[in-house]
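Please keep the structure open beside you as you read.

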Amino acid sequence: MRALYPGSFDPLTNGHMDLIERAAALFGQVTVAVLSNPNKKPAFSVDQRIEQIRNATRHLNGIDVVSFDGLTVHCAATHQADLILRGLRAMSDFEYELQIAHTNRSLAADLETVFLATSTRHSFLSSSVVKEVARFGGPVDHMVPKEVAKDLNRLFNSAFPPR
């Protein structure tokens, strides 16, 4: 079974990694789909984000990393995904994600969305929180994979380089 895990991953967090690792164990094949959204100004380019994810998931089998723009259901069809994987940190995530799941289902009736709750130890993480901490010089090595922490340190010239 192939799961499609779409997102911006700007940057990849340990919460994302938790879901990728668990999804690999559950489904066998996971396509991590990095959204290229022209309406947002990301900290890292799509190519940088793909490279960060590939580096962080090297220890896992069955992981593909691709980029996409447009509709998630089109990406799922292109990569022959059986389901869409989404992570939930809090109840507020569920309301938004449920709306998106219903929309996707209206566009592709045979495509299920599966929600996984993020591990408690990562439930406070979001890419925007990580960037904010890094931007103001705080340590992020406990929030993101090692290579991503190094990239954030370079990007923001952090006073707290990764350990």
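1. Sorted by class, the residues lining the largest pocket are 14 nonpolar, 18 polar and nine charged. Please bear in mind that this is a predicted model. The pocket holds about 1200 Å³ of space, and among its 41 lining residues P6, G7, S8, R86 and E97 are the closest to the centre.

2. At least two residues each come from β1, α1, α2, β4, α4 (91-107) and α5.

3. Now turn to the largest nonpolar core, which has 33 residues; L12, I20, V32, I63, V140, V144 and L152 touch the most other members. Elements that each supply at least two of its residues include β1 (2-7), β2 (29-35), β3 (63-68) and α6 (146-156). The top contributor is α1, with six residues. There is also a second, separate core of eleven residues, including F68, I84, A108 and L111.

4. Beyond its neighbours within four places in sequence, L152 is in contact with P11, F44, V130, A134, V140, V144 and N157.

5. Is T57 buried or exposed? T57 sits in the loop between α2 and β3, yet its relative accessible area is 5%, so T57 counts as buried, the cut-off being under 20%. Setting aside residues up to four places away in sequence, T57 touches M17, I20 and I63. From T57 to L152 the C-alpha to C-alpha separation is 18 Å, with the two lying 95 residues apart in sequence.

Note on methods: Residues are numbered from 1 along each chain as its sequence is written. This is a predicted model: local features need pLDDT of at least 70, side-chain atom pairs count only at pLDDT 80 or more; totals for chains, interfaces and linings use all residues. Side-chain values use heavy atoms; hydrogens and water are left out. A nonpolar core is a set of buried Ala, Val, Leu, Ile, Met, Phe, Trp, Tyr and Cys residues joined through side-chain atoms within 4.5 Å. Buried means under 20% relative accessible area, exposed over 50%, partly exposed in between (1.4 Å probe, protein chains only). Helices (H or I, at least four residues) and strands (E, at least two) are DSSP runs, numbered from the N terminus. Contact means heavy atoms within 4.5 Å. On a 1 Å grid over the protein atoms alone, a cavity is a set of points where a 1.4 Å probe fits but cannot get out, and a pocket is an open set with protein on both sides within 12 Å along at least five of seven lines; lining residues have an atom within 4 Å of a point. Grid points are joined across faces, edges and corners, and a volume is the space filled by probe spheres set on the points. Ala, Val, Leu, Ile, Met, Phe, Trp, Tyr, Cys and Pro count as nonpolar, Asp, Glu, Lys and Arg as charged, and the others, Gly among them, as polar.
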